Amino acid sequence: MSKMSTSELRSYQQICGSNGAMMVIACDQRGAMRSLLSSDPARQAQISERELGQIKADITRYLASQASCVLVDPVCAVPQLVDDGIIARDTALLIGLDASGFDTTPEGYRLSRLAENISARRVRELGATGGKIMVYLRADREGANQHNIDILRHCIEDFTREDLLLVVEFLTYKLDDETDEEFKRKIPELIYGGTRIALECGAKVLKLPYPGSPQACADITRLAGEVPWAVLSAGVDHATFLTQVQHAMSKGASGVIAGRSLWKDCISLDRGATREKLETLAIPRLNELQAVIKQYFHAGRQHDNARAGQVKHV
């Protein structure tokens, strides 16, 4: 099991709140954000990186200022968030390394991609607390993963050399020869297997999809050992995510990295409307999410060794 260095641990402490739990606002999406802004593919293609950057700036200003960290992309969001003084000085910053979208093999396997000209050194130069890499994994199909495992190992090694924190995320996906029901039944196994792969590659902090049940969350916690994991929202509705977070936190998760469940109903190309909804809809959602974390974090895994360095009580 890979442990954090002192430098990585310090960065991890900064992406956590005062209660020691991760509370990260994710807005590193590009393609998914465009699809929320318009259902017309032609209109989506016309949405500029600058427009996306403005939306991410508003999410950072309204939501991340009330959380411990924000996760953004290196294409639309930085260095502007830092240079324009938008991100608060006590809000940690994670930068995503993954490019938007994926390639596909003839078998239907997804091949992850990296954003251009981004590395651990560049993440540090942009003033970030750390980075995040996302890859696609199908743990039940050995032939599906080697390309993505190579990317994962490369990024982990790069950040280890730079002694900079890297959060490792994976997503799984349905194959063309599966029904929705077949895929749903496999989700706990796929999340467990993907977590095992990420740990074997050297992951030190994990961002994981909800594995399907409280028991599956407990299984992930046992597998991860001292490696902290946060549950991601994957765009589910807010009420559903609150239940998932309750399950995850009560069974040992160390926090939340949440994006669309908070802001997907708020963003538009009208910045005034976006700001109003972030204030009236997203912030109350964030407060509810933080209340669940506060209620259940004490019941989850607490890192008792000195290296964890987290606050032990909420």
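In the protein chain, 70% of the contacts with a separation of 6 or more join residues 24 or more positions apart. The model is predicted. The chain holds twelve helices and ten strands. Its radius of gyration is 18 Å, close to the 20 Å given by the globule rule for 314 residues, so the chain is as compact as a globular protein of that length. The C-alpha trace spans about 50 × 45 × 40 Å along its principal axes.

Burial and surface were computed next. Of the 314 residues in the protein chain, 54% are buried, that is, under 20% relative accessible area. The chain exposes about 13,500 Å². Carbon and sulfur atoms supply 47% of that area.

Rolling a probe the size of a water molecule over the atoms shows where empty space is left. The count comes to two cavities of 30 Å³ or more. The second largest cavity has a volume of about 70 Å³. Helix H7 (146–162) and strand E7 (165–171) are the elements that give two or more residues to its lining. The lining of this second largest cavity consists of Glu8, Ile156, Phe159, Thr160, Leu164, Leu165, Leu166, Val168, Gly202, Ala203 and Lys204. By class, these lining residues divide into seven nonpolar, two polar and two charged. Glu8 and Lys204 are among the lining residues, and both residue types count as charged. Thr160 and Gly202 also belong to the lining; Gly is counted as polar.

Conventions. Residues numbered from 1 in each chain as written. Predicted model: local features only at pLDDT ≥ 70, side-chain atom pairs only at ≥ 80, totals over all residues. Heavy atoms only, no water. 1 Å grid on protein atoms, 1.4 Å probe; cavity = no way out; pocket = protein on both sides within 12 Å on 5 of 7 lines; lining within 4 Å. Points joined across faces, edges and corners; volume = space filled by probe spheres on them. Helix = DSSP H or I, 4+ residues; strand = E, 2+ residues; numbered from the N terminus. Rg over C-alpha atoms; globule rule 2.2 N^0.38 Å. Buried < 20%, exposed > 50% of the residue type's maximum accessible area, 1.4 Å probe, protein only. Contact = heavy atoms within 4.5 Å. Areas by Shrake-Rupley, 256 points an atom, 1.4 Å probe, with all protein chains shown as cover.
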